[in-house]
Amino acid sequence: MFLNNIIEVFLFVNPLGTTCYESEKLVEAFSTERDEKVKVRFVPILNIRSIGNLVKDNHDSSLSNRNQLYTDSYNASLAFQAASMQGRKKGRKFLMKLQQSVIKDGLAVTRELLLQIAETLNLDIEMFEEDLGSELSRTAFNKDQKLALEMGVTESPSCVVYSSKDTTAGYRIDSSITKQLLHGVCNDQAEKNDQSVTHLSLYQTV
């Protein structure tokens, strides 16, 4: 059950997607504009569509490039899970710093880069390294893929929002995520004919 005056936001992203990175910044900004407490959770999602979008951004449809993008996205997802074990907020900061390094600065996803970012964010490096290759991180990643399926998410970025104003259902935004749309669903003012918004049954979250 939800506490009074709380909003939960699940943002499903490809960990290396440009549009996803912009959506993360938007959701973080949205969370500061609400009077309610806003709990934000980034959820990495890897599927044919999310990798296909990366391939389009990369302008290289070769099999070797597709495989490399999948490997990099998977490793980035596990690193995000490892960082999140030291706190969800730290995990979000880690992912956004990693995306900035890869998307904006053009760096490759390497173990050295992951450790450098972890050190910059003052994570416990020994714990991060241990969690990075652990079964725990892989299990957390698999749970996130299951969560996406349960919420009907196939696109990235996609956003699922639950607000204390509606304790029976939530909303999934599958298309363009905007602050106006996020405020609208939280204020119960989303347009009923908005094709990008889907009404969801209540999902019991932990």
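Reply:
**A close look at one residue**

Leaving aside residues up to four places away in sequence, L98 touches A76, L113, L114 and I117; a contact here means heavy atoms within 4.5 Å. The model is predicted: local features need pLDDT of at least 70, side-chain atom pairs count only at pLDDT 80 or more, and totals for chains, interfaces and linings use all residues. Residues are numbered from 1 along each chain as its sequence is written, and side-chain values use heavy atoms, with hydrogens and water left out.

L98 itself belongs to helix α4, which spans residues 88-104. Helices (H or I, at least four residues) and strands (E, at least two) are DSSP runs, numbered from the N terminus. Because its relative accessibility is 0%, L98 counts as buried. The scale runs as follows: buried is under 20% relative accessible area, exposed is over 50%, and partly exposed lies in between, with a 1.4 Å probe and protein chains only. Between the C-alpha atoms of L98 and A108, which are 10 residues apart along the chain, the separation is 9.9 Å.

**The chain around it**

In its secondary structure, the chain has eight helices and five strands. Read from the N terminus, their order is β-α-β-α-α-α-α-α-α-β-β-α-β. Of the 206 residues in the chain, 49% are buried. Among contacts with a separation of 6 or more, 70% are between residues 24 or more positions apart.

**Helix α3 and its partner**

Helix α3 covers residues 63-84, and it packs against helix α2 (residues 48-58) at an angle of about 120°, the two axes being 10 Å apart. These axes are lines fitted to C-alpha atoms, for helices over the stretch in contact, and the angles run from 0 to 180 degrees between N-to-C directions. The angle therefore makes α2 oblique to α3: angles under 35 degrees count as roughly parallel, over 145 as roughly antiparallel, 65 to 115 as roughly perpendicular, and the rest as oblique. The crossing of α2 past α3 is right-handed. A crossing is right-handed if the near helix is turned clockwise from the far one by less than a right angle, and left-handed if anticlockwise.

Which residues of α2 and α3 meet? On the α2 side they are I51, G52, L54, V55 and N58, and on the α3 side N65, R66, L69, Y70 and S73. This contact divides into five nonpolar, four polar and one charged residue. In this division, Ala, Val, Leu, Ile, Met, Phe, Trp, Tyr, Cys and Pro count as nonpolar, Asp, Glu, Lys and Arg as charged, and the others, Gly among them, as polar.

Q81 also lies in helix α3. With a relative accessibility of 7%, Q81 counts as buried. Not counting residues up to four places away in sequence, Q81 touches P44, S137, A140, F141 and D144.

**The strands**

Strand β3 (residues 158-163) pairs with strand β1 (residues 6-13) through six bridges, in an antiparallel arrangement. Two strands are said to pair if DSSP finds at least two bridges between them. The pairing of β3 with β4 is likewise antiparallel, over three bridges. V161 of β3 is the bridge partner of V9, and V161 also stands opposite Y171 in β4. Another bridge links C159 with I173 of β4.

Is β3 buried or exposed? Six of its six residues are buried, so β3 is largely enclosed by the rest of the structure. On one of its faces lie S158, V160 and Y162, on the other C159, V161 and S163. Strand β4 (residues 169-173) is mostly covered, with five of its five residues buried.

**Two loops**

The loop between α7 (135-150) and β3 contains P157. S156 and P157 are joined by a cis peptide bond, with omega about 0°. Phi of N122 is near 60°, a positive value in a residue other than glycine. N122 has a relative accessible area of 66% and is therefore exposed, whereas L98, where this account began, is buried at 0%.
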